[in-house]
Amino acid sequence: QVQLVESGGGLVQPGGSLRLSCAASGSIFSFKAMTWYRQAPGKQREMVAIISSGEFTNYADFVKGRFTISRDNAKNTVYLQMNSLKPEDTAIYYCNAIPILAWGQGTQVTVSS
């Protein structure tokens with residue numbers, strides 16, 4: 001019954017940066033991993049990044065080197081630092097966990113000049 005609330009999205013120019021936050025209503029320590037997904041109009045939801053309870057991370061090829069996932073267990077919060085943003089990064093960004101939880105409302109990221 002843990003709820004996830006994403007925040008930090010907005011409108012940014014190409015090359016800019018945003019930091020997304022995912023606040024959980026309960027402990028994230030018990031989950032095997034926390035994840036970030038995104039979904040653009042007309043496209044499938046796709047995994048962007050994952051971080052395990054042991055701080056292991058992995059990234060989709062299209063964000064590798066630009067995005068960084070991190071977690072703060074004391075704050076029950078997961079972050080996604082997004083740098084060098086491109087127009088094709090425009091999407092609604094969602095966080096989740098393993099095992100999977102109900103999807104939250106997401107946060108809109110729009111990259112445009």
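## Disulfide

Cys95 is buried, at a relative accessible area of 1%. Buried means under 20% relative accessible area, exposed over 50%, and partly exposed in between (1.4 Å probe, protein chains only). Cys22 is buried too, with a relative accessible area of 1%.

This is a predicted model: local features need pLDDT of at least 70, side-chain atom pairs count only at pLDDT 80 or more, and totals for chains, interfaces and linings use all residues. Residues are numbered from 1 along each chain as its sequence is written, and side-chain values use heavy atoms, with hydrogens and water left out.

A disulfide joins Cys95 to Cys22, with an S to S distance of 1.8 Å. The criterion is a pair of cysteine sulfur atoms within 2.5 Å. The link is right-handed, with 60° about the S-S bond. It ties together distant parts of the chain: Cys22 sits in strand 3 (residues 18-24) and Cys95 in strand 9 (residues 91-98), 73 residues apart. Strands (E, at least two residues) and helices (H or I, at least four) are DSSP runs, numbered from the N terminus. A search of the whole structure finds one disulfide.

## Thr107

Thr107 belongs to strand 10 (residues 107-111). Thr107 is buried, at 10% relative accessible area. A polar atom of the Thr107 side chain lies 3.0 Å from the backbone nitrogen of Gly9.

Thr107 touches Glu6, Ser7, Gly8, Gly9, Leu20, Ala91, Ile92 and Tyr93, leaving aside residues up to four places away in sequence. Contact here means heavy atoms within 4.5 Å.

## Arg66

Arg66 is placed in the loop between strand 6 (57-59) and strand 7 (67-72). Arg66 is buried, with a relative accessible area of 11%. The side chain of Arg66 has a polar atom 3.0 Å from the backbone oxygen of Ser84.

What does Arg66 touch, not counting residues up to four places away in sequence? The list is Gln81, Met82, Asn83, Ser84, Leu85, Lys86 and Asp89.

## Ser70

Ser70 lies in strand 7. Is Ser70 buried or partly exposed? Ser70 counts as partly exposed, because its relative accessibility is 30%.

Ser70 touches Ile51, Val78 and Tyr79, residues up to four places away in sequence not being counted. Ser70 and Leu4 are 66 residues apart in sequence; C-alpha to C-alpha, they are 16 Å apart in space.

Definitions and conventions: Polar contact = N/O pair within 3.5 Å; in protein donor to acceptor, adjacent residues only side chain to side chain.
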